[in-house]
Amino acid sequence: MGTLAYETKKNVAILTIQSPPANALSSNLLNDLDEKLDEIENDNNIKAIILHGEGKFFSAGADIKEFTSLQNASDYQALAEKGQALFNRIEHFSIPVIAAIHGAALGGGLELSMACHIRIVSENAKLGLPELTLGIIPGFAGTQRLPHYVGTAKAYEMILSGQPISGTEAKAFGLANQAVKEEEVFDTATKLAETIAAKSKPTINNIMHLIPYSKTEQFTQGVHEEAQAFGKIFGSEDAKEGVQAFIEKRKPNFQDK
């Protein structure tokens, strides 16, 4: 089912995704993340958060096997809206969330990291939205946040091809703040979190409130329509084939319907 470990060091909260082998984002894990944010929000001593993954990955995406338990378009749309609401909460959180990314941040894993305010990545990390290779589409605001960071042209390429980019490329395209050696990712994130945590919390809170105003009003509409499309696409034959092929570890045979 996966868990989310929580510890504090000085004024920094450390959240560790523990869902081996790929740190898949199950519904239970996302619920756990929401609850941990409640705890942090009620702790006046915490001034910054580090989010990272245990083992080989940050997160390779949503728990695809959970998709097979959903029945209809409204179920899938509700799943997308639940994830979107949580990621929106992270994006508008009162203190900064730093994603420390190694190995891979794919699908829902990348969408989660894009909701964070700062991304420190390993140079050899893989970041991408491969949903179209499964016959589905991103559902946790990936179609809206990715263009904000890399531009529309690169977003089209990444989403339509499903091919990931490296951490070094992510830094070059503006998706990552820093790209460092894999063994330096967590320490780099920690040093930055500690630098932020040395500031006055009221000043941090005000900055976190003000910067989100820079996004356009169309973002809200785009996220809503993404959830609707996510729900509809799961009713297609190609979506069913893509998910089943993923579970069976084979190449999907899409019929364009």
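Biologist: Which residues lie nearest the centre of the second largest pocket?

Modeller: This is a predicted model, in which local features need pLDDT of at least 70 and side-chain atom pairs count only at pLDDT 80 or more, while totals for chains, interfaces and linings use all residues. Residues are numbered from 1 along each chain as its sequence is written, and side-chain values use heavy atoms, without hydrogens and water. A pocket is an open set of points on a 1 Å grid over the protein atoms alone, where a 1.4 Å probe fits, with protein on both sides within 12 Å along at least five of seven lines; lining residues have an atom within 4 Å of a point. The second largest pocket has 19 lining residues, and nearest its centre lie Glu91, His117, Met208, Ile211 and Pro212.

Biologist: Which element gives the most to the lining of the second largest pocket?

Modeller: Helices (H or I, at least four residues) and strands (E, at least two) are DSSP runs, numbered from the N terminus. At least two lining residues each come from H4, strand S6 (118-122), helix H5 (142-150) and helix H9 (201-210). The most, three residues, is given by H9.

Biologist: Which residues lie nearest the centre of the largest pocket?

Modeller: Helix H2 (64-67), helix H4 (108-115) and helix H11 (237-248) each supply at least two residues of this pocket's lining, and H2 has the largest share, with three residues. The lining holds 32 residues, and those nearest the centre are Ala60, Ala62, Asp63, Ile64 and Phe246.
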